[in-house]
Amino acid sequence: AVSGTKKHYNGTIRTVILTAKEEGLLALYKGVTPTILGAMPYEGIKFGTVGLLEKFFPCERRIINEVTGEVEKPSIWRKICFGGLGGIMAGLVTYPNDTV
(Lines give C-alpha, C1' and ligand atoms only; values in the text may rest on other atoms or scores of the structure.)
Protein backbone atom coordinates (compact mmCIF):
# COMPACT_ATOMS: atom_id res chain seq x y z
CA ALA A 1 0.00 0.00 0.00
CA VAL A 2 1.11 3.50 -0.73
CA SER A 3 1.90 5.44 2.42
CA GLY A 4 -0.60 8.16 3.15
CA THR A 5 -3.58 6.31 1.71
CA LYS A 6 -5.95 4.67 4.09
CA LYS A 7 -7.84 1.54 3.05
CA HIS A 8 -11.06 0.68 4.76
CA TYR A 9 -11.61 -3.05 5.06
CA ASN A 10 -15.05 -3.27 6.61
CA GLY A 11 -16.00 -6.92 6.29
CA THR A 12 -15.23 -9.80 4.00
CA ILE A 13 -17.31 -8.73 0.99
CA ARG A 14 -15.93 -5.18 1.04
CA THR A 15 -12.39 -6.56 1.28
CA VAL A 16 -12.91 -8.86 -1.71
CA ILE A 17 -14.37 -6.02 -3.80
CA LEU A 18 -11.63 -3.57 -2.85
CA THR A 19 -8.84 -6.10 -3.49
CA ALA A 20 -10.30 -7.12 -6.87
CA LYS A 21 -10.67 -3.47 -7.92
CA GLU A 22 -7.20 -2.36 -6.87
CA GLU A 23 -5.09 -5.46 -7.58
CA GLY A 24 -7.19 -7.51 -10.00
CA LEU A 25 -9.06 -10.79 -9.57
CA LEU A 26 -5.90 -12.89 -9.46
CA ALA A 27 -4.85 -11.09 -6.28
CA LEU A 28 -7.60 -13.01 -4.48
CA TYR A 29 -5.63 -16.20 -5.12
CA LYS A 30 -2.20 -15.05 -3.92
CA GLY A 31 -0.73 -17.70 -1.67
CA VAL A 32 -2.98 -20.53 -2.83
CA THR A 33 -0.07 -22.55 -4.29
CA PRO A 34 1.54 -23.47 -0.94
CA THR A 35 -1.88 -24.40 0.41
CA ILE A 36 -2.55 -26.76 -2.50
CA LEU A 37 0.94 -28.24 -2.29
CA GLY A 38 0.42 -28.95 1.40
CA ALA A 39 -3.08 -30.35 0.93
CA MET A 40 -2.13 -32.88 -1.76
CA PRO A 41 0.12 -35.10 0.37
CA TYR A 42 -2.25 -34.71 3.34
CA GLU A 43 -5.24 -35.96 1.35
CA GLY A 44 -3.20 -38.72 -0.29
CA ILE A 45 -2.00 -40.05 3.05
CA LYS A 46 -5.49 -39.79 4.52
CA PHE A 47 -7.12 -41.74 1.68
CA GLY A 48 -4.26 -44.24 1.64
CA THR A 49 -4.61 -44.88 5.36
CA VAL A 50 -8.36 -45.40 5.07
CA GLY A 51 -7.75 -47.79 2.16
CA LEU A 52 -5.26 -49.81 4.20
CA LEU A 53 -7.64 -49.98 7.15
CA GLU A 54 -10.40 -51.21 4.81
CA LYS A 55 -8.04 -53.89 3.50
CA PHE A 56 -6.77 -55.04 6.92
CA PHE A 57 -10.23 -54.99 8.53
CA PRO A 58 -12.66 -56.13 5.83
CA CYS A 59 -16.34 -55.62 6.46
CA GLU A 60 -18.53 -58.69 6.78
CA ARG A 61 -21.53 -58.08 4.57
CA ARG A 62 -24.75 -59.85 5.40
CA ILE A 63 -27.53 -60.27 2.86
CA ILE A 64 -30.60 -58.33 4.00
CA ASN A 65 -32.99 -59.31 1.22
CA GLU A 66 -32.62 -62.71 -0.44
CA VAL A 67 -34.81 -61.71 -3.41
CA THR A 68 -33.03 -58.47 -4.39
CA GLY A 69 -29.60 -59.47 -3.13
CA GLU A 70 -29.38 -56.28 -1.07
CA VAL A 71 -26.51 -56.33 1.42
CA GLU A 72 -26.06 -54.55 4.71
CA LYS A 73 -24.12 -51.29 4.51
CA PRO A 74 -20.99 -50.83 6.65
CA SER A 75 -21.56 -49.16 10.00
CA ILE A 76 -21.31 -45.37 10.11
CA TRP A 77 -19.07 -45.72 13.19
CA ARG A 78 -16.64 -47.80 11.14
CA LYS A 79 -16.40 -45.04 8.54
CA ILE A 80 -16.02 -42.35 11.21
CA CYS A 81 -13.24 -44.26 12.98
CA PHE A 82 -11.36 -45.07 9.77
CA GLY A 83 -11.67 -41.48 8.55
CA GLY A 84 -10.52 -40.12 11.89
CA LEU A 85 -7.51 -42.42 11.97
CA GLY A 86 -6.68 -41.42 8.39
CA GLY A 87 -6.81 -37.75 9.36
CA ILE A 88 -4.63 -38.31 12.42
CA MET A 89 -2.03 -40.19 10.38
CA ALA A 90 -2.01 -37.55 7.64
CA GLY A 91 -1.62 -34.79 10.21
CA LEU A 92 1.26 -36.53 11.96
CA VAL A 93 3.13 -37.10 8.70
CA THR A 94 2.54 -33.81 6.88
CA TYR A 95 2.41 -31.36 9.79
CA PRO A 96 4.58 -32.91 12.52
CA ASN A 97 5.43 -29.57 14.14
CA ASP A 98 1.73 -28.85 14.67
CA THR A 99 1.30 -32.01 16.73
CA VAL A 100 4.07 -31.36 19.25
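These are my notebook entries on what I looked up in this structure.

**Entry 1: the model and its confidence.** I began by noting that this is a predicted model, and that the mean pLDDT of the protein chain is 85, with 87% of its residues reaching 70 or more.

**Entry 2: the fold in outline.** I counted three helices and two strands in the protein chain, and reading along the sequence I wrote down the pattern α-α-β-β-α. Of the 100 residues in the chain, 12% are buried, while the chain exposes about 8300 Å², of which carbon and sulfur atoms supply 65%. I also checked the contacts with a separation of 6 or more, and residues 24 or more positions apart account for 46% of them.

**Entry 3: Arg 78.** I next turned to Arg 78, which has its place in helix H3. Is Arg 78 buried or exposed? Its relative accessible area is 16%, and because buried means under 20%, I recorded Arg 78 as buried. Leaving aside residues up to four places away in sequence, I found that Arg 78 touches Glu 54, Phe 57, Pro 58 and Cys 59.

**Entry 4: aromatic pairs.** I searched the whole structure for aromatic pairs and found two. In one of them, the rings of Tyr 42 and Tyr 95 have their centres 6.0 Å apart and their planes at 35°, so I noted the pair as tilted. This pair links distant parts of the chain, since Tyr 42 sits in helix H2 (residues 32-56) and Tyr 95 in the segment after H3, 53 residues apart. I looked up the accessibility of both residues: Tyr 42 is partly exposed, with a relative accessible area of 22%, and Tyr 95, at 34%, also counts as partly exposed.

The other pair is formed by Phe 57 and Phe 82, whose ring centres lie 6.5 Å apart with the planes at 45°, so this pair is tilted too. Phe 57 lies in the loop between H2 and E1 and Phe 82 in helix H3, so the pair ties together parts that are 25 residues apart in sequence. Phe 82 is buried, with a relative accessible area of 10%, and I noted again that Phe 57 is one of the residues touched by Arg 78.

**Entry 5: a charge over a ring.** Last, I looked at Lys 46, and found that it lies over the face of Phe 47, at 5.9 Å from the ring centre.

Conventions:
Residues numbered from 1 in each chain as written. Predicted model: local features only at pLDDT ≥ 70, side-chain atom pairs only at ≥ 80, totals over all residues. Heavy atoms only, no water. pLDDT = per-residue confidence, 0-100. Helix = DSSP H or I, 4+ residues; strand = E, 2+ residues; numbered from the N terminus. Buried < 20%, exposed > 50% of the residue type's maximum accessible area, 1.4 Å probe, protein only. Contact = heavy atoms within 4.5 Å. Areas by Shrake-Rupley, 256 points an atom, 1.4 Å probe, with all protein chains shown as cover. Phe/Tyr/Trp six-rings, centres within 6.5 Å; stacked < 30°, edge-to-face > 60°. Lys NZ or Arg CZ within 6 Å of the ring centre and 35° of its normal.
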